[in-house]
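Dear colleague,

Please find below the structure that I am handing over to you. My notes on it follow directly after.

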Amino acid sequence: MFTGIVEELGEVTAVEQLAEASRFRLRGPVVTEGAKHGDSIAVNGVCLTVVETADGEFTADVMQETLDRSSLGALGAGSRVNLERPMALGGRLGGHLVQGHVDGTGTILSRTPSEHWELVKIALPAQLARYVVEKGSITVDGVSLTVVEAAADHFTISLIPTTLALTTLGIKQPGDPVNLEVDVLAKYVERLLAAGVNPLHAGEGQK
């Protein structure tokens, strides 16, 4: 489980094509400190398993399913990426609950700078629109953000200077793809309601 608060702006140092998979080597001295085989690290919002670490770098195998459902397949040597380690139990939840399971990809439509922030408009896949609400949370390339406007086919986010400077959202341009993860709680509520269960009384009668 992650919080969507990016710890480090890392870099892809190599990509090896495998049979229906790819092996990524990524540089991230902060997130690899103390990391070992089997640990999880979110890369642009995608939860990956560490295969090995050495000299501030780590490798991760990315299966075809992940490549098909995220924008990781477009990365190559030199690409910058957002990196985050899993949250520690008992720590502060700075963003919102993020699983690192990408729900789909969007495309940056426009960027509108202002004096103190920048408004970014992102195309929203139709199947995700019902989970995105004004003032709600969404994860974009692993960054926990608050939705400014939610429309049927797009949403907007407002980026402060810190986010622009410390994540890949500061360098993404119109036309670039981004990974999207919606609030998992909304999906659970939808599933319960579809099954005729009232989430407020789901546990009543159980001992």
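Through how many residues does a hairpin join strand 7 to strand 8? The hairpin runs through four residues. Helices (H or I, at least four residues) and strands (E, at least two) are DSSP runs, numbered from the N terminus.

The model is predicted, with local features needing pLDDT of at least 70 and side-chain atom pairs counting only at pLDDT 80 or more, while totals for chains, interfaces and linings use all residues. Residues are numbered from 1 along each chain as its sequence is written, and side-chain values use heavy atoms, with hydrogens and water left out.

Strand 7 (residues 104-113) and strand 8 run antiparallel and are joined by five bridges; two strands pair if DSSP finds at least two bridges between them. P113 stands opposite E118 of strand 8. Strand 8 also pairs with strand 11 (residues 154-159), in the antiparallel sense, over six bridges. There, A123 has H154 as its bridge partner.

In strand 8 (residues 118-123), E118, V120 and I122 form a covered face, whereas L119, K121 and A123 form an uncovered one. In a regular strand the side chains alternate between the two faces of the sheet.

At helix 3 (residues 184-194), D183 caps the N-terminal end, with a side-chain oxygen 3.1 Å from the backbone nitrogen of L185. Just after helix 3, G196 takes a positive phi of about 80 degrees.

Residues 1-96 are 6% helix and 45% strand, with end C-alpha atoms 10 Å apart. For residues 97-193 the values are 16% helix and 41% strand, and the end C-alpha atoms lie 21 Å apart.

With kind regards

Note on methods
Polar contact = N/O pair within 3.5 Å; in protein donor to acceptor, adjacent residues only side chain to side chain. Buried < 20%, exposed > 50% of the residue type's maximum accessible area, 1.4 Å probe, protein only.
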